[in-house]
Amino acid sequence: MVQNRMIPEPCRIYEAMQQTPREVHFVVEAPKREPFRPEPGQFVMISIPGIGEAPISLAALPGEGAAEGTFEMLIRRAGRLTNLITRLKPGDTMYVRGPFGRRVTWEKFEGSNLILIAGGLGLAPLRPFVQRSLLHRELFRRIDILVGARAPEEILFKEDLASWSARRDDVRVLVSVDAARSTWSGRIGVITTLFDEIDADVEDAYAFICGPPVMYRHCLRKLLGMGLYENHLWMTLERRMKCGIGLCGNCQMNGLYVCQEGPLFSYREVRHLKEAV
Amino acid sequence: MTERDVYRLPRERLGALVARLERDYRVLGPAPRGDTYAWEELRPGDPVSLDYPTTMLPLRALLAPQREVLFTFRRGDDGEVAFDPPADERPLALLGVHGCDLTGLRVLRAFHDSGTRDRLVTNRLDRAFIVGLACWVPCLGEAFCRDMGSLDNEIPADLYAWDIGDVLLVKVLTNRGRDVLTEVTPMEAATAEEVVTLRRRLRVRLEAFPQHLKFAPERLPIALEAAEGDLLWDANADRCLSCGRCNLVCPTCTCFDVTDASPLDGRTGVRVRTWTGCQVTGFSRVAGGHDFRPGRAQQLRYRIFRKGKYMPERYGMVGCTGCGRCPHHCPTRISIREIFRQVGGTA
Ligand SMILES: Cc1cc2nc3c(=O)[nH]c(=O)nc-3n(C[C@H](O)[C@H](O)[C@H](O)COP(=O)(O)OP(=O)(O)OC[C@H]3O[C@@H](n4cnc5c(N)ncnc54)[C@H](O)[C@@H]3O)c2cc1C
Ligand code: SF4
Ligand code: FES
């Protein structure tokens, strides 16, 4: 019998760590019905039966950033389902389907400079990209991680940022906030102001962008202006999603289904689409 | 047309056909409802009326219903939830399906064959027994099925009927169609006179269905692409109310929303999908409030592009059957036919 692909699987919550008043970092048992081997940029559908279902990015992959047999997510309270999910505790169960989305394999990125860019909650989907590149550090040249947040107290994954920053000689981490009180000693300014500090050879650089919808145009404009190739600019696009498997139609962007052909796209793949960025 | 495999079905044998189908299928046919028609269950002995203009809701309402349970769930005492897929259903037999609705089923099939197969829908499609029926006059003034190649479409029917008066001439298109017909008629070939009558009526029919478009539908993707920045979208959007009726009545819309329903105890419940559509405000809005297709002009253009460009490019079939339902039911008469006509031009 072919599985009804809309039926989720129970997965145990191992850890639930409050990161900010509205965001919780979860470590969850991986689904077992089928091999769970996601790539960076993929997502899962999580639910509580009786409440609803929502798409959530993988924030760490099993055997890479997360322990084997587990995966991680960062969930923001944004509505009915996420308000309840973020109250779940270790030992509780959430219901999971996936992974969904396009699998982009990494051979083409090897040997290049990586510029990893995250705005706000975008650091969650970007995290597997960082973890993958640090796990295979020798395969890449320079690695720049640029992170933007609205305010210092909204910066996510602070421990990760600290440990990545600690690898001073082989990774550069730049963090900027849009606005801050005088106690903040870091950079202030929108994320694109950090781009001036990138000194990697742009002919040989790949950029990955994850962030809120408004961020993409600004980032793309700046990176294109710096000379990056259009097919070296990768980004994860968010759309409303109700199935994850190309049926419900909510995620359509011109003729593409973001849940299947994305959410990770290169700029060259979508630059002609009026509904993309 | 070819007269091979065309047999006589005297009108009074329709009841026998229903009775035969009823053994294996849930039989449905068009029946008057209010000032329109709807698909309703036929019981043996019920009068079979094949003379109907069109239904308001497209046939997909039976194959991918407006509200459909995806699974039921039960929470046990240990808190664990068990899921049950929906129970098997009786297969459908659909009696008297017009060309546009046959095309709609074809598009539905192409949609599922090209991507994730939705078994709930494809199982119904696979098992359905379909009796097509030729139209002699346009059912709606807004119809342009001839332009869209639906008028003559017989696929995916098992049997296809021309009603020429006292007798229906029935073409056999599948083996199971032959098996059923063999059981209800002696399989007499159409007489020479009947064939002549049929040919004449098919000739006359072309006058009843004038052509509206001055180009072939295969050109739609290119024509639309060139018109992406046109003011035509604004011109139509000025009248659009975002009511979503056009999505509701379209035979090739497939979009749905997913919600859970559960009695207050929270122990049992269902996850259901319900039709939604790209013209409904908020369809493309995500958490944080950003709408990726804000504005009526963009939404309207999206609907037309999906039917005339994205669907042919993706599924190999134009997503508009020419049934005329959306302009007919649009409160402000926004017409996909007129938009196609304007975009495609005169050459
Ligand atoms: C590919 C993808 C990855 C995502 N990754 C994350 C993540 O890692 N962490 C995180 O916190 N959030 C993520 N989101 C956003 C998350 O899916 C929404 O916050 C969630 O759907 C809100 O659901 P709710 O029931 O709590 O809110 P609701 O009460 O349902 O609605 C709140 C808001 O969310 C919008 N919305 C409703 N359903 C959806 C939907 N299916 N998709 C998008 N928006 C919707 C509504 O229009 C409304 O504006 C992601 C979304 C996508 C598409
Ligand atoms: S039926 Fe007409 S008014 Fe309603 S959404 Fe469709 S085009 Fe707009
Ligand atoms: S999320 Fe349903 S089609 Fe993409």
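Which residues are around ligand 2? The selection holds C240(B), L241(B), S242(B), C243(B), G244(B), R245(B), C246(B), Q279(B), R303(B), C330(B), P331(B) and I334(B). By class, this shell has seven nonpolar, three polar and two charged residues; Ala, Val, Leu, Ile, Met, Phe, Trp, Tyr, Cys and Pro count as nonpolar, Asp, Glu, Lys and Arg as charged, and the others, Gly among them, as polar.

The model on screen is predicted, and local features need pLDDT of at least 70, side-chain atom pairs count only at pLDDT 80 or more, while totals for chains, interfaces and linings use all residues. Residues are numbered from 1 along each chain as its sequence is written, chains are lettered from A and ligands numbered from 1 in the order in which they are written, and side-chain values use heavy atoms, without hydrogens and water.

Next, show both chains. Their contact (heavy atoms within 4.5 Å) takes 38 residues from chain B and 40 residues from chain A. The two chains bury about 3,400 Å² between them, 54% of it on carbon and sulfur atoms. Buried area is the accessible area (1.4 Å probe) that two parts lose on being put together, summed over both. Now pick T116(B), F292(B) and R314(B): in chain B they lose the most area to chain A, together 18% of what that side buries.

Stay with R314(B), which is in helix α10(B) and is one of the residues that meet α3(B). Helices here are DSSP runs (H or I, at least four residues), numbered from the N terminus. Select α3 (residues 99-114) and α10 (residues 296-315) of chain B, which pack at an angle of about 50° with their axes 10 Å apart. Axes are lines fitted to C-alpha atoms over the stretch in contact, and angles run from 0 to 180 degrees between N-to-C directions. The pair is therefore oblique; angles under 35 degrees count as roughly parallel, over 145 as roughly antiparallel, 65 to 115 as roughly perpendicular and the rest as oblique. On the α3(B) side, look for V107(B), A110(B), F111(B) and S114(B).

Last, go to chain A and select α2 (residues 123-135) and α3 (residues 158-166), whose axes are 12 Å apart at an angle of about 30°. These two helices are therefore roughly parallel to each other. Their contact residues divide into five nonpolar, no polar and two charged. W164(A) is one of the α3(A) residues that meet α2(A).

Definitions and conventions:
A residue is near a molecule or strand if one of its heavy atoms lies within 4 Å of it.
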